[in-house]
Amino acid sequence: MELLDHLALGFGVALSPSTLMYCLIGVTFGTFIGVLPGIGPLATIGLLLPITFHLPPTEAIVMLAGIYYGAMYGGSTTAILLNLPGTAASVMVALDGHPMAKQGRAGPALVMTTIVSFVAACFAIVVIAAFAPPLARFAVRFTSAEYFSLMVMGLIAASVLVSGSLVKGLAMTVLGLLLGMVGQDVTTGTPRFTFGTFQLYDGLHFVIVIIGVFGLAEVINNLALGDRRQHFTQKVPWRDLIPTRKDLRDSVGPTIRGTGLGAALGILPGAGPAISTFAAYAVEKRVSKDPSKFGKGAIQGVTAPEAANNAAAQTSFIPTLSLGIPGDATMALMLGAMMIHGLVPGPQIVQNHPEFFWGLVASFWIGNLLLLILNLPLVGIWIRMLSIPYRWMFPAILTFIGLGMYSLHMEGFDVFLAAGFGLVGYVFIKLRCEAAPLLLGLILSPLVEQNLRRAMLVSRGDPNIFIERPISLAFLILGVGFLLAVLAPGLARTFRKWSREDARTGR
Amino acid sequence: MANIQGIWIKNRADFLSGLLFTGLGLLGLFLALQYDMGTARRMGPGFFPVILCAILVALGVMTIFISLSLRSKDAADDEGSSRDAADDTRGLSDVVAALRASFFVVAALIVFALSLRRVGLVLAVTALVFIASFADRSLSWLETALIAAFMSFVAVAVFRWGIGLPFQVWP
């Protein structure tokens with residue numbers, strides 16, 4: 001059995017006592033920082049990444065997996081308790097989770113998300129084991145033209161998903177691509193957008209941009225809001241934490257459907273996890289006998305998106321690792337972190353470094369298991385952490401940002417850069433420009449440019465190469481399809497409005 | 001007579017973002033045009049950035065257009081601006097709070113980064129916490145001192161003893 005061999009190899013790598021310990025540390029720290037209000041999953045992972053840079057590759061990646069799950073769990077905790085979804089993927093969980101919390105049922109919501117996440121991850125890992133190797137074999141035949149089109153599709157999918165205007169989402173993606181150009185051009189060595197600063201020759205470190213735009217900007221925003229920032233003062237009694245038998249029974253169907261949808265949609269590059277939570281929520285609402293209770297604290301509205309999110313997060317490793325195209329901004333962050341450890345994603349990784357690939361997949365499962373073991377008894381503590389006043393927390397967050405950025409290259413310049421990006425990020429918050437697409441653009445930028453250059457070299461300067469190759473054309477059509485899917489309802493509304501106004505003004 | 005009374009900014013956040021995108025695009029274009037463009041077959045370092053900047057300018061101009069309304073004043077009032085007004089009513093005190101937070105957060109980090117090598121972890125972290133404390137008025141001196149002491153300890157424990165980075169602890 002090839003499939004079992006792969007998984008056995010993976011667990012062999014991930015299950016040594018020392019890696020387990022790092023995974024445990026990762027889960028604990030990830031949850032600890034992830035539940036602090038005013039600091040989302042992206043900022044949490046960004047804050048903890050610098051610590052893993054100083055570990056050996058395997059330990060670092062296992063710890064990353066732990067941090068990832070801890071941060072995501074912490075993210076759903078703040079989404080449910082404070083209605084502060086940190087990523088697109090947790091928007092749907094907050095929709096019914098927060099009303100549950102208001103009814104004093106935060107405990108069951110949180111416990112169910114943990115259990116459901118684990119169930120979904122168990123199923124998704126089998127999907128990865130079955131589908132990643134064939135996809136990698138298929139992708140080996142991709143040339144730069146296919147990669148370029150695939151990335152364009154992924155970037156469009158990511159910009160389409162932002163809340164707010166599509167044009168702004170696209171602009172943020174392009175801005176991210178441009179930020180990724182900073183530094184020496186790989187092919188010619190020409191420094192670009194460096195403003196004569198020697199430290200920028202290596203490019204902008206993505207962790208600096210993330211910490212600035214997501215971490216610092218959130219801190220500044222919370223401080224500027226003063227007394228108006230979100231508070232959590234409610235007490236949650238211990239015995240209210242346990243889900244009722246009815247909760248469990250009501251969650252079986254949504255979990256199965258959510259997991260299936262998530263596992264299937266997670267394979268889409270650019271938007272997997274987020275899209276799957278929207279889809280899972282919509283499906284649950286449709287199959288429900290009483291759709292009116294959604295949005296008012298239905299357990300199905302919590303478990304289905306959470307299952308979809310976790311299954312998709314797992315299966316989005318398929319595009320992230322076998323194609324090198326991350327599923328969403330969080331995955332992009334993980335991809336960047338892996339690249340630092342010399343793990344260059346692409347079809348070759350599955351074949352040439354199986355111990356890395358399967359070790360990572362297995363460690364994600366273990367991260368989820370540890371989360372389950374750790375969090376079922378600790379849910380009460382995490383909830384209590386939300387009542388730490390922000391005025392005590394922000395100096396601590398700032399200290400970690402300062403130290404983390406300084407330790408990247410042991411010099412102050414990175415701290416200045418992060419501070420600058422913090423101000424930029426605050427401006428983005430004020431202008432309601434969502435920054436997640438910028439991040440994806442930043443990380444994919446060098447790959448996009450390289451593949452464009454190579455494809456154009458092969459075609460001798462003829463851009464038709466992207467539409468003449470069938471797989472490449474298919475990716476581009478999908479990308480345009482995403483754009484149209486979002487534009488169509490808006491355009492229809494605008495036309496209706498125009499005709500209505502013509503009728504009104506043209507008397 | 002149609003009662004169109006000129007162009008109205010329907011959505012101020014979108015209008016300003018449009019300006020920002022256009023401005024950054026033009027700045028990028030100005031810089032990127034100085035790099036070698038190369039040919040489509042053999043792209044130079046300027047080729048892709050120029051394309052991206054052009055797209056960014058186009059998207060910025062589109063954002064500005066979308067944020068404007070050619071409609072009559074009352075139509076604009078009952079749609080866009082009423083939604084906008086809810087979160088855009090910022091008085092002078094809000095602007096002061098935003099500037100205060102930005103200034104002290106950035107200042108704390110800059111002082112920390114400049115002093116770390118000279119005065120060591122404990123003093124640099126203390127300086128960071130004290131400067132940052134001005135960003136929030138509700139923090140008392142005692143609280144600030146306790147946080148500074150606690151964070152100095154955590155910093156030394158995690159970064160010096162834990163990961164073993166070559167930070168000096170004292171001057």
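## Salt bridges

A salt bridge is a side-chain nitrogen of Lys or Arg within 4 Å of a carboxyl oxygen of Asp or Glu. This is a predicted model, in which local features need pLDDT of at least 70 and side-chain atom pairs count only at pLDDT 80 or more, while totals for chains, interfaces and linings use all residues. Residues are numbered from 1 along each chain as its sequence is written, chains are lettered from A in the order in which they are written, and side-chain values use heavy atoms, with hydrogens and water left out.

Over all chains, the whole structure holds eight salt bridges. One of them joins the side chains of Glu146(A) and Arg469(A), at 2.8 Å from N to O. Glu146(A) belongs to helix H7 (residues 144-160) of chain A and Arg469(A) to the loop between helices H20 (465-468) and H21 (470-505) of chain A, so this pair ties together parts 323 residues apart in sequence. Helices here are DSSP runs (H or I, at least four residues), numbered from the N terminus.

## The interface of chains A and B

In chain A, 63 residues are in contact with 70 residues of chain B, contact meaning heavy atoms within 4.5 Å. The area buried between the two chains is about 5900 Å², and carbon and sulfur atoms give 78% of it. Buried area is the accessible area (1.4 Å probe) that two parts lose on being put together, summed over both.

Two salt bridges are counted between chain A and chain B. Lys168(A) and Asp14(B) meet through their side chains in a salt bridge of 2.5 Å, N to O.

Helix H9 (residues 206-225) of chain A packs against helix H18 (residues 413-430) of chain A at about 60 degrees, with the axes 6 Å apart. H9(A) is therefore oblique to H18(A). Axes are lines fitted to C-alpha atoms, for helices over the stretch in contact, and angles run from 0 to 180 degrees between N-to-C directions. Angles under 35 degrees count as roughly parallel, over 145 as roughly antiparallel, 65 to 115 as roughly perpendicular and the rest as oblique.

Among the residues making this contact are Gly212(A) and Leu216(A) of H9(A), and Gly422(A) and Tyr426(A) of H18(A). By class, the contact has 15 nonpolar, four polar and three charged residues. Ala, Val, Leu, Ile, Met, Phe, Trp, Tyr, Cys and Pro count as nonpolar, Asp, Glu, Lys and Arg as charged, and the others, Gly among them, as polar.

## Two neighbours of helix H14

The axes of helix H3 (residues 41-52) and helix H14 (residues 329-340), both of chain A, come within 10 Å and cross at roughly 10 degrees. This makes H3(A) roughly parallel to H14(A). The contact has six nonpolar, two polar and no charged residues.

Helix H4 (residues 57-82) of chain A packs with H14(A) at about 160 degrees, the axes being 11 Å apart. H4(A) is thus roughly antiparallel to H14(A). Their contact divides into seven nonpolar, one polar and no charged residues.
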